Amino acid sequence: MADRWFESVAVAQRRAERRLPRSVYRALVAGSERGATMEDNLAAFAELGLAPMVAGQPASRELATTLMGQAISFPVVVSPTGVQAVHPDGEVAVAQAAASRGVAAGLSSFASKPVEEVVAANPRTFFQLYWSGSRDDIAGRIERARAAGCVGMIATLDWSFATARDWGSPYIPERLDVRAALRLAPEAIARPAWLWSYLRTGALPALTVPNMARPGQLAPSFFGAYGEWMQTPPATWDDVAWMVATWRGPFMVKGVIRVDDARRAVDAGATAISVSNHGGNNLDGTPATVRALPAVARAVGDQVEVVLDGGVRRGSDVVKAMALGARAVMVGRAPLWGLAANGRAGVENVLDILRSGVDSTLRGIGRSSVHELSEDDVVVPAGFLRQLG
Ligand SMILES: Cc1cc2nc3c(=O)[nH]c(=O)nc-3n(C[C@H](O)[C@H](O)[C@H](O)COP(=O)(O)O)c2cc1C
């Protein structure tokens, strides 16, 4: 719908805020503790500068690349996020949008749609795994993802269950029973367009996580699965090597921000890492990922594909991250704002904004390809960088 088109991710976020019930919107904002990491992810990109050229730039630009064995039309991948039930089509709408724009997408373990439906919409799906339950449970999820046709695995290992927020957390019910519906009713009624988008499908958000179901069992509730994950001791590096060996294909460790961890991920057999702090939803006080990226890329960039996620909202952010050593970036909130604002078309709108932003930034700095980018293409202020570990 032409009137639903938006020109920037910030506009999509404002639309999402107007359209979603307050608790739902705040679940997407997420963050943790004082929100310092979440804010620094954005602030750091703004601190980085660009040096434009005015004549003699190449007339066309190459944006396509590959990641984890997949050809992608530009260096952006949709990061796995577990809250896409904010729209009735959820992960399927995101997968359709990613497929239509030629990019890969991660699918969260805590997704609201079964992996089989999502892969049918986008064959370039990477399944995201948490270290939750027994090795047998985890092997079962890996085999299910393989049978569904997923083309890569992402193990997210940085979650530390720190979700208390100084600004207060939204109310998320265990299930949408009468009591929960009554509590949420005033917010939902204040957002009739959103409520109608659900009511016309004849169902309310199920709040279950079908990809965490054991074979032959019903999908557990979000909180049921979360409780099991909380009780699982953290993965060891041997466990990581075991996951890599069990999957036997392109494997990303997501959440690495220290140089020593990046080396351990390489030793465990990972083929990619994402320099990530979970979008600042986790251990607050972790620096912005783009500050830590160059040290990690220098240490392991010739051995694994180094990806960055955290704070990417525009094409110039993609270019800055690539200039500082990323092969590609993943985006978490940006497609969520698009999804909330306008479903599949909103996610396509966000991907188009990022794509054209990459292209115009390359033009502005006189580069003909995303593969040509180097540290010389960004202005890095003194004191910007962080080396961890
Ligand atoms: C609401 C929300 C839910 C998320 N759920 C997951 C998840 O289930 N699995 C995962 O690996 N990362 C998850 N993430 C983290 C994202 O994959 C990504 O690391 C982060 O959003 C990147 O930062 P950005 O939002 O600034 O792009 C989530 C992030 C948000 C905001």
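Which side chains does a polar contact of 3.0 Å join? The polar contact joins the side chains of Arg 61 and Asp 359. A polar contact is a pair of N or O atoms within 3.5 Å; within protein, one atom must be able to donate a hydrogen and the other to accept it, and residues adjacent in sequence count only if both atoms are side-chain atoms.

## Basis of the model

This is a predicted model, in which local features need pLDDT of at least 70 and side-chain atom pairs count only at pLDDT 80 or more, while totals for chains, interfaces and linings use all residues. Residues are numbered from 1 along each chain as its sequence is written, and side-chain values use heavy atoms, with hydrogens and water left out.

## The surroundings of Arg 61

Arg 61 is placed in the loop between strand S1 (49–50) and strand S2 (65–67). Helices (H or I, at least four residues) and strands (E, at least two) are DSSP runs, numbered from the N terminus. Besides the contact with Asp 359, the side chain of Arg 61 reaches the backbone oxygen of Pro 58 at 3.3 Å.

Strand S11 covers residues 328–331. Ala 328 and Met 330 point one way from this strand, Val 329 and Val 331 point the other way, and all are buried. Buried means under 20% relative accessible area, exposed means over 50%, and partly exposed lies in between (1.4 Å probe, protein chains only).

Two strands pair if DSSP finds at least two bridges between them. S11 pairs in the parallel sense with strand S4 (residues 76–78) over three bridges, and Val 77 stands opposite Met 330. Strand S10 (residues 305–309) also runs parallel to S11, joined by three bridges; here Leu 308 has Val 329 as its bridge partner. S10, helix H13 (residues 315–323) and S11 make a right-handed β-α-β unit. A crossover is right-handed if, with the strands pointing away from the viewer, the path from the first strand over the helix to the second runs clockwise.

## The ligand and its shell

The ligand is surrounded by 23 residues, and the closest are Pro 80, Ser 108, Tyr 130, Thr 156 and Asp 309. A residue counts as near if one of its heavy atoms lies within 4 Å. By class, the shell has six nonpolar, 13 polar and four charged residues. Ala, Val, Leu, Ile, Met, Phe, Trp, Tyr, Cys and Pro count as nonpolar, Asp, Glu, Lys and Arg as charged, and the others, Gly among them, as polar.

An N or O atom in the side chain of Ser 79 is 2.8 Å from an oxygen atom of the ligand. For Pro 80, a backbone N or O atom lies 2.7 Å from a ligand oxygen atom. An N or O atom in the side chain of Ser 108 is 2.7 Å from an oxygen atom of the ligand. The protein covers 96% of the 600 Å² of accessible area that the ligand has on its own (Shrake-Rupley method, 1.4 Å probe; for residues, only the protein chains shown count as cover).

## Individual residues

Glu 33 is found in the loop between helix H2 (22–29) and helix H3 (36–47), and Met 68 in the loop between S2 and strand S3 (70–72). Glu 33 is partly exposed, because its relative accessible area is 37%; Met 68 is buried, because its value is 3%.

Thr 125 belongs to strand S6 (residues 125–129). With 1% relative accessibility, Thr 125 counts as buried. Its side chain reaches the backbone oxygen of Asn 122 at 2.5 Å.
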